[in-house]
Amino acid sequence: MAREYLFVDEWDVEASPEAVFHALADARTYPDWWRPVYIDTQTDGPPQLGRTSQQHFKGRLPYHLHTRSTITRYEPPAAVGADVDGDLRGRGLWTLTPRDGNTHEGTHVRFDWRVYADKPLLRLLTPLLRPLFRWNHTWAIARAKAGLESYARARDEG
């Protein structure tokens, strides 16, 4: 479908799977470490299966997105997934594995993100600007890579 986007991002984090899982599963932490992408998040409580949260975020391009996520997979510290609706509709899955099979060596992070651009502006512009929207996603993920490690390491040390 023309409005569908599929992203697979992978990187290593020098922190335990437990600390990384905590940051990724709890949407309330996103504005703390995923800056300046996440502006605000609201949730009805700590992460668990069925928990919902609302997100307000942006990339480098001059628009903001609003989504609502419902946790559909919750397997600490290995995986957390959510169904998303709002300006983007689809599903995201974070999969965490100990790097080199050893939790003391850090965590390998994989993010599978399959979404449809439902915001009217995105829906209209996707056929023309898909490469620019992909660049915007890559920029946002680079901010996650930059902030997640220090946030998770502080949790490990705390």
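1. Terms first. A residue is called buried when its relative accessible area is under 20%, exposed when that area is over 50%, and partly exposed in between, with a 1.4 Å probe and protein chains only. By that rule H137 is buried, because its relative accessible area is 12%.

2. Ground rules. This is a predicted model, in which local features need pLDDT of at least 70 and side-chain atom pairs count only at pLDDT 80 or more, while totals for chains, interfaces and linings use all residues. Residues are numbered from 1 along each chain as its sequence is written, and side-chain values use heavy atoms, with hydrogens and water left out.

3. Start here when looking at the model. Seven strands form an open sheet: 7 strands in the order 1-7-6-5-4-3-2, with antiparallel pairing. Strands here (E, at least two residues) and helices (H or I, at least four) are DSSP runs, numbered from the N terminus. Two strands pair if DSSP finds at least two bridges between them. The edges are strand 1 (4-13) and strand 2 (38-43), each of which pairs on one side only. On average, neighbouring strands are turned by 20° against each other, direction ignored. Angles run from 0 to 180 degrees between N-to-C directions, and axes are lines fitted to C-alpha atoms, for helices over the stretch in contact.

4. Bridges. Strand 1 and strand 7 run antiparallel and are joined by 10 bridges. D12 stands opposite H108 of strand 7. Strand 6 also runs antiparallel to strand 7, with 11 bridges between them. There L93 faces D112 of strand 7 as its opposite residue. Strand 4 (residues 64-75) and strand 5 (residues 79-86) are antiparallel too, joined by 8 bridges. T67 has G86 as its bridge partner in strand 5.

5. Helices on the sheet. Contact means heavy atoms within 4.5 Å. Helix 1 (residues 17-25) packs on the sheet and touches strand 1, strand 4, strand 5, strand 6 (88-98) and strand 7 (107-117). Its direction makes about 170° with that of strand 6. Helix 1 is mostly covered, with 7 of its 9 residues buried. Those buried residues are P17, A19, V20, F21, A23, L24 and A25. Helix 3 lies across strand 1, strand 3 (52-58), strand 4, strand 6 and strand 7. Helix 3 runs at about 15° to strand 1.

6. Strand 7. This strand deserves a separate look. It is mostly covered: 8 of its 11 residues are buried. V115 is in strand 7. V115 is buried, because its relative accessible area is 2%. Leaving out residues up to four places away in sequence, V115 touches R3, E4, Y5, L88, R89, G90 and R91. R3 is 112 residues from V115 along the chain, yet their C-alpha atoms are separated by 8.2 Å.

7. H108. This residue also belongs to strand 7. H108 counts as partly exposed, because its relative accessibility is 24%. Its contacts, not counting residues up to four places away in sequence, are E10, W11, D12, T95, L96, T97 and R99. From H108 to A19 the separation is 89 residues in sequence and 12 Å in space, C-alpha to C-alpha.

8. H137. Back to the residue of the opening point. H137 sits in helix 3. It touches F7, D9 and W113, not counting residues up to four places away in sequence.

9. The cavity. On a 1 Å grid over the protein atoms alone, a cavity is a set of points where a 1.4 Å probe fits but cannot get out, and lining residues have an atom within 4 Å of a point. Grid points are joined across faces, edges and corners, and a volume is the space filled by probe spheres set on the points. The count is 1 cavity of 30 Å³ or more. The largest cavity has a volume of about 690 Å³. It is lined by 43 residues, of which Y38, F57, L88, F111 and W113 are the closest to its centre.

10. The lining. Helix 3 (residues 120-157) gives the most to the lining of the largest cavity, with 6 residues. The lining residues divide into 28 nonpolar, 12 polar and 3 charged. Here Ala, Val, Leu, Ile, Met, Phe, Trp, Tyr, Cys and Pro count as nonpolar, Asp, Glu, Lys and Arg as charged, and the others, Gly among them, as polar.

11. Cis peptides. R35 and P36 are joined by a cis peptide bond with omega about -5°. P36 lies in the loop between helix 2 (30-33) and strand 2. The bond from P76 to P77 is cis as well, with omega near -10°. P77 lies in the loop between strand 4 and strand 5.

Technical notes: On a 1 Å grid over the protein atoms alone, a cavity is a set of points where a 1.4 Å probe fits but cannot get out, and a pocket is an open set with protein on both sides within 12 Å along at least five of seven lines; lining residues have an atom within 4 Å of a point.
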